[in-house]
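User: I would like to learn how to read helices, loops and cavities in a structural model. Could we take the features in turn?

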Amino acid sequence: MNDAGSQPGSSAEMAWPLAPEDAALWEKAQRLRPYLKAVVAGVLSGELNGKVDEWDIVQRSMAAALVSREQFQGEKSDQWQAWLVTIARNEARKALRFWR
């Protein structure tokens, strides 16, 4: 578990080069991490306390977005945000299914 407020997987930890357009999207995604954590917490509703850290699900979501970024069809940053939120919700639901 992480200390309250700590955010693992910061952009400083990213070791591979990204294309300029991907780097801009990744930077926006980094700023959305607290919001994504709130989304995950809303989906989990405390059901997995002590089993799964919400930051872990956010990190999994970010990794899934990075791996599948070519599937992103939008053109605007609000579409990117919606896409990330959808991925985060789906990852949280996956965790619920696993632990139930």
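Predicted model: local features only at pLDDT ≥ 70, side-chain atom pairs only at ≥ 80, totals over all residues.

User: Which residues of α2 and α3 are buried?

Analyst: The general idea is that an α-helix has 3.6 residues a turn, so residues three or four places apart point the same way. In α2, the buried residues are E54, W55, I57, V58, S61, M62, A65 and L66. In α3, the buried residues include W80, W83, L84, I87, A88 and E91, with A92, A95 and L96 also among them.

User: Where does S45 lie, and is S45 buried or exposed?

Analyst: S45 is placed in the loop between α1 (20-44) and α2 (54-67). Its phi is positive, about 50°, although S45 is not a glycine. S45 counts as exposed because its relative accessibility is 54%, the cut-off being over 50%.

User: D53 is in that loop too. Which side chain of opposite charge is nearest to D53, and how far away is that side chain?

Analyst: The test for a salt bridge is a side-chain nitrogen of Lys or Arg within 4 Å of a carboxyl oxygen. For D53, the nearest side chain of opposite charge is K37, at 6.6 Å. D53 is thus buried yet without a salt bridge.

User: What does the side chain of D53 reach instead?

Analyst: The side chain of D53 reaches the backbone nitrogen of W55.

User: How many cavities of 30 Å³ or more does the structure hold, and which residues line the largest cavity?

Analyst: Rolling a probe the size of a water molecule over the atoms shows where empty space is left. Here there is 1 cavity of 30 Å³ or more, and the largest cavity has a volume of about 50 Å³. Its lining consists of D22, L25, W26, A65, L66, R69 and W80. The elements that give two or more residues to this lining are α1 and α2. With 3 residues, α1 gives the most.

How values were computed:
Residues numbered from 1 in each chain as written. Heavy atoms only, no water. Helix = DSSP H or I, 4+ residues; strand = E, 2+ residues; numbered from the N terminus. Buried < 20%, exposed > 50% of the residue type's maximum accessible area, 1.4 Å probe, protein only. Lys, Arg positive; Asp, Glu negative; His and termini not counted. Polar contact = N/O pair within 3.5 Å; in protein donor to acceptor, adjacent residues only side chain to side chain. 1 Å grid on protein atoms, 1.4 Å probe; cavity = no way out; pocket = protein on both sides within 12 Å on 5 of 7 lines; lining within 4 Å. Points joined across faces, edges and corners; volume = space filled by probe spheres on them.
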